[in-house]
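Open the structure in your viewer and keep the selection tool at hand. We will go from stop to stop, and at each one you will hear what to select and what is there.

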Amino acid sequence: LDVTAFQGRFDGQAVIAGRWLLQRGKQAYSQSFQRLVPLPEDGYPALVRALREGWQTEVKQLAQELQPTLTAK
């Protein structure tokens with residue numbers, strides 16, 4: 001997992017982006033990801049909450065995407 005962005009932007013968006021790579025035997029799977037989460041208000045606490053929410057959502061989505069690959073024999 002390579003996270004290339006985990007920050008707030010001047011336009012009121014929290015940005016989470018990067019790329020994951022899974023190697024299983026001789027096969028490799030990879031995909032880029034980017035998630036924008038709107039900040040409900042200004043300030044650092046709102047940014048932290050938005051990044052937490054976005055990261056948790058991204059991890060759940062990644063787990064769902066990889067489940068078939070990880071359980072296949």
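Start by selecting A14, I16, W20, L22, F33, V37, L47, A50, L51, L62 and L66: these eleven residues make up the largest nonpolar core. A nonpolar core here is a set of buried Ala, Val, Leu, Ile, Met, Phe, Trp, Tyr and Cys residues joined through side-chain atoms within 4.5 Å. Buried means under 20% relative accessible area, exposed means over 50%, and partly exposed is in between (1.4 Å probe, protein chains only). Now colour by element: β2 (13-24), β3 (27-38) and α1 each supply at least two residues of this core. Which of them gives the most? That is α1, with five residues. Helices (H or I, at least four residues) and strands (E, at least two) are DSSP runs, numbered from the N terminus. In soluble globular proteins, nonpolar side chains tend to be buried together.

Before the next stop, a word on what you are looking at. This is a predicted model, in which local features need pLDDT of at least 70 and side-chain atom pairs count only at pLDDT 80 or more, while totals for chains, interfaces and linings use all residues. Residues are numbered from 1 along each chain as its sequence is written, and side-chain values use heavy atoms, with hydrogens and water left out.

Select L22 and show what surrounds it. Setting aside residues up to four places away in sequence, L22 touches Q27, A28, Y29, L66, T69 and L70. Contact means heavy atoms within 4.5 Å.

Next, move to V37, in strand β3. Is V37 buried or exposed? V37 counts as buried because its relative accessibility is 6%. Beyond its neighbours within four places in sequence, V37 is in contact with G12, Q13, A14, A50, E53 and G54.

**R35 and its partners**

Stay in strand β3 and select R35. With a relative accessible area of 18%, R35 is buried. Which side chain does the side chain of R35 meet at 2.6 Å? It is that of Q61, in a polar contact. A polar contact is a pair of N or O atoms within 3.5 Å; within protein, one must be able to donate a hydrogen and the other to accept it, and residues adjacent in sequence count only if both atoms are side-chain atoms.

The side chains of R35 and E58 meet in a salt bridge (2.9 Å, N to O). This pair links distant parts of the chain, with R35 in strand β3 and E58 in helix α1, 23 residues apart. E58 is buried too, at 10% relative accessibility. Leaving out residues up to four places away in sequence, E58 touches F33 and R35.

**The other salt bridges**

How many salt bridges does the structure hold? There are three. A salt bridge is a side-chain nitrogen of Lys or Arg within 4 Å of a carboxyl oxygen of Asp or Glu. Side chains of opposite charge can pair when their charged atoms come close.

Select R9 and D11, whose side chains form a salt bridge at 2.8 Å, N to O. R9 is partly exposed at 33% relative accessibility, and D11 is partly exposed at 41%. Then select E41 and R49, another salt bridge, where the closest N and O atoms are 3.3 Å apart. E41 counts as partly exposed at 45% relative accessibility, as does R49 at 37%.

**Last stop: T71**

Finish with T71, in helix α1 (residues 44-71). Why does T71 count as exposed? T71 counts as exposed because its relative accessibility is 52%. Zoom in on its side chain: one of its polar atoms lies 3.5 Å from the backbone oxygen of P68.
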